[in-house]
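Subject: Structure for you to look at

Hello,

Here is the structure I said I would pass on. My notes on it follow below the entry.

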Amino acid sequence: MQTVVYDLKEQYRQGIAAAAEVIRTGGLVALPTETVYGLGADAQNEVAVRQIFAVKGRPQDNPLIVHLCDAAQVDELAANVSPLARRVMQAFWPGPFTAVVRVKPGALPAVTTAGLATVGLRMPSHPAARDLIAQSGRLIAAPSANLSGKPSPTCLAHVRQDLWGKVPVILDGGPCAVGLESTVCDLTGEVPVVLRPGGVSPEMIAAVAGDARVAHAVLHELGEGEAAPSPGMKYKHYAPRAKVTVVQSDDRNRLANHINSLYDKGIASGERALVLCLRAHMPLYGGREILCLGETPEDAARTLFGALRQADARGVNAVFFEALSAEGIGLAVMNRVIRAAGFDLVRV
Ligand code: TXA
Ligand code: MG
């Protein structure tokens with residue numbers, strides 16, 4: 001299949017119009033959002049949605065998020081939405097927040113929701129995503145635009161790596177502002193439950209809702225027989241080819257010394273190793289191969305997925321990651337990196 005890329009800085013109107021036509025005619029479009037790039041199709045077109053699963057190699061039991069551009073669309077898709085749920089959606093939309101609510105029977109094909117009684121709804125803040133939904137006149141189901149198991153794409157180059165020749169249109173909106181996928185939050189109960197942390201933190205949700213819980217599986221491996229509160233939690237995710245090790249300590253020097261000794265052991269046994277760290281800590285790893293994640297936890301969120309892809313591109317075998325404090329966006333970074341590490345967290 002021929003893939004056409006529209007640079008939205010120069011071809012905004014043509015790009016949105018072409019993508020809207022593809023969506024209306026049952027095709028797939030890679031589109032930018034403020035979190036990560038999405039692989040979108042008409043959420044109510046069963047044949048189109050099936051193609052998303054086929055292109056990504058995504059397990060059929062992992063439901064898709066449906067993207068809206070107008071809060072009134074919630075009631076087309078959802079039933080029994082509580083006043084609390086509405087308050088929380090209103091507080092964080094448009095933005096990196098996905099509300100899990102009860103689906104209205106018959107509103108969506110079972111393939112979109114993976115047959116669940118709930119659906120994840122999100123109103124993105126990215127203008128191109130919203131204009132595409134509005135102009136196509138469709139609700140857009142969109143998982144992240146990576147092949148299943150790869151890090152989510154946060155810029156055009158990543159989308160090209162995974163989807164070139166597999167979709168007719170890619171909209172290039174430049175690098176994504178958040179860099180990690182949206183917060184997925186179950187709003188069907190009395191207390192919101194964060195199933196996947198993202199740009200909207202549990203602290204922010206609690207400030208609106210009075211309280212918020214974080215599902216245990218956000219930072220812990222599912223126990224044997226333990227049910228996944230979100231199907232996505234069952235799968236190894238965000239995995240580069242390199243082995244990732246997350247090292248945690250209250251003492252920055254002890255942490256760096258431990259990473260350095262693991263790094264040097266790896267090098268001695270013929271591996272290529274790489275340290276991912278914040279700029280201020282770079283001097284602690286003198287002489288070793290480093291990829292700087294920026295200055296702040298927000299920078300680390302933006303750069304993490306690109307860094308994991310970079311590690312593979314360089315042929316690295318061992319990646320060492322300095323654990324961040326699991327507050328604010330740090331919780332989302334830790335949730336992704338701990339999965340990339342297959343839950344290999346070392347405390348020193
Ligand atoms: O930021 C994002 O959310 C991006 C952009 C494109 O919007 N989309 C995204 O979709 O990350 P995806 O499919 O890669 O991740 C959606 C996650 C999956 O882990 C899925 O299991 C979970 O949300 N999910 C979807 N619907 C759910 C539901 N009804 N109940 C529980 N979890 C759900
Ligand atoms: Mg994904």
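I started with the ligand. Around ligand 1 there are 25 residues, and the closest of them are T35, N62, H67, S182 and G232. Please keep in mind that this is a predicted model, and that the distances below are computed from it.

The side chain of N62 has an N or O atom 2.5 Å from an oxygen atom of ligand 1. For R58, an N or O atom of the side chain is 2.8 Å from an oxygen atom of the ligand. On its own, ligand 1 has 680 Å² of accessible area, and the protein covers 97% of that.

Which elements give two or more residues to the shell around ligand 1? They are β4 (65–67), β6 (118–122) and β10 (193–196). The largest share comes from β6, with four residues. By type, the shell divides into eleven nonpolar, ten polar and four charged residues. As for pockets, the largest one is the space taken by ligand 1.

Next, the sheet. Eleven strands form an open sheet with mixed pairing, and their order is β1-β8-β2-β3-β7-β4-β6-β5-β9-β10-β11. The edges are β1 (4–7) and β11 (213–214); each has a single partner strand, so one side of each is left without a neighbour in the sheet.

One pairing can be followed residue by residue. Strands β5 (residues 97–102) and β9 (residues 183–186) run parallel and are joined by four bridges. Within this pair, T98 stands opposite V184 in β9.

N80 lies in the loop between α3 (74–77) and α4.

That is what I have for now.

Regards

Conventions
Residues are numbered from 1 along each chain as its sequence is written. Chains are lettered from A and ligands numbered from 1 in the order in which they are written. This is a predicted model: local features need pLDDT of at least 70, side-chain atom pairs count only at pLDDT 80 or more; totals for chains, interfaces and linings use all residues. Side-chain values use heavy atoms; hydrogens and water are left out. A residue is near a molecule or strand if one of its heavy atoms lies within 4 Å of it. A polar contact is a pair of N or O atoms within 3.5 Å; within protein, one must be able to donate a hydrogen and the other to accept it, and residues adjacent in sequence count only if both atoms are side-chain atoms. Accessible areas come from the Shrake-Rupley method with a 1.4 Å probe; for residues, only the protein chains shown count as cover. On a 1 Å grid over the protein atoms alone, a cavity is a set of points where a 1.4 Å probe fits but cannot get out, and a pocket is an open set with protein on both sides within 12 Å along at least five of seven lines; lining residues have an atom within 4 Å of a point. A molecule sits in a cavity or pocket if more than half of its atoms lie within 2 Å of its grid points. Ala, Val, Leu, Ile, Met, Phe, Trp, Tyr, Cys and Pro count as nonpolar, Asp, Glu, Lys and Arg as charged, and the others, Gly among them, as polar. Two strands pair if DSSP finds at least two bridges between them.
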